[in-house]
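Dear colleague,

Please find below the structure that I am handing over to you.

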Amino acid sequence: MRFDLVDLRLFVAIVEAGSISRGAEASHLALASASARISGMETALGASLLDRGRRGVIPTAAGRALLHHARAIGSAVEQMRGDLRGFATGLKGEIRMLSNTAALVELLPAALRSFLAAHPDVDIDIEELTSADIVLAVAEGRAEFGVVANTTDLAQLETIALLSDRLVLIAPNAHPLAGRAVISFAELIDEPFVGLSAGALYSHLADHAARLGRRINYRVRLRSFDAVTRLVEAGIGLGIVPITAAKSCRMGSVAIVPLLDEWANRQLLICASDFTALSRHAQLFVDEIVREAKEDK
């Protein structure tokens, strides 16, 4: 059963006009051509679509079902044309980017708010991945650009430095480790933790625990750094978060202890295969992210 858009538009026009001849005229088709198209549709379907009478035509049950779908398809096609017309005139755009957890939570919200307010016809598709996965995806062309930590191999990608993103321990003030000046991740692995339920940072910490032959003991897992810091303040467990998230804790409510591990001292970067090859909207969003990072420093 093959009906093209001309067939469907013709059928709608005929039903709405109540006449094959008037429907053909509305569709800018000769009467013979319109009749042949309707007959071909009925043959392909194996059922009559129109009841033909002296006063015109009305749709059969099969015709009414076709009419419903033909109108829906016509509406979808017009909507598609409108959307694509926006792209063709440069009014509409879509950006596909990737981000690690820290940037997604601490840096991108403000940049998104400013950019989308200034560009209401641009849609942004953001996926959260680990830095290593982001580098691979950008190199393979599955995203225009990404925000990563410099602890991963950036291969041949171009980069723009954003800001420091050191991972730190946050601990209740009464905890024995709260008085430490610095601490290593290996010293913490047996402690009860509060952490994120999923995401790039969760995977990043799990990987480093696995290298020690251990697993992190999460007493509670949550969806945001803010929730993690609140439960650490309540004495539920320890947390490992970016320094920017740690600074959002109430003054004096927790102890902040830098991690000694090299992988914990990170720099956030924007990476792309070629920044000059980015779409116009992607370049504008990169500029907004860089501007926001400078304000955060």
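Arginine 71 is partly exposed, with a relative accessible area of 42% (buried means under 20% relative accessible area, exposed over 50%, and partly exposed in between, with a 1.4 Å probe and protein chains only). Its partner is glutamate 16, and the two side chains meet in a salt bridge at 3.4 Å, N to O. A salt bridge is a side-chain nitrogen of Lys or Arg within 4 Å of a carboxyl oxygen of Asp or Glu. Because glutamate 16 lies in helix 1 (residues 5–17) and arginine 71 in helix 4 (residues 61–88), the pair ties together parts that are 55 residues apart in sequence. Glutamate 16 counts as exposed, at 55% relative accessibility.

Please note that this is a predicted model, in which local features need pLDDT of at least 70 and side-chain atom pairs count only at pLDDT 80 or more, while totals for chains, interfaces and linings use all residues. Residues are numbered from 1 along each chain as its sequence is written, and side-chain values use heavy atoms, with hydrogens and water left out.

The whole structure holds 15 salt bridges. Among them, arginine 96 and glutamate 127 meet at 2.9 Å, N to O. Arginine 96 lies in strand 3 and glutamate 127 in strand 4, so this pair ties together parts that are 31 residues apart in sequence. Helices (H or I, at least four residues) and strands (E, at least two) are DSSP runs, numbered from the N terminus. Arginine 96 is partly exposed at 25% relative accessibility, and glutamate 127 is partly exposed at 32%.

A further salt bridge joins the side chains of arginine 230 and glutamate 233 (2.9 Å, N to O). These residues are three apart in helix 9 (residues 225–233), which means that about one helical turn separates them. Arginine 230 is partly exposed, with a relative accessible area of 30%, whereas glutamate 233 is buried, at 15%.

Helix 11 also deserves a note. Its 17 residues (280–296) should span 24 Å at 1.5 Å a residue, and its end C-alpha atoms are 25 Å apart, which agrees; the expected span is 1.5 Å times one less than the number of residues. The buried residues of helix 11 include His281, Phe285, Glu288 and Glu292. Glu288 and Glu292 are also linked with Arg291 and Glu295 in a network of salt bridges.

A colleague
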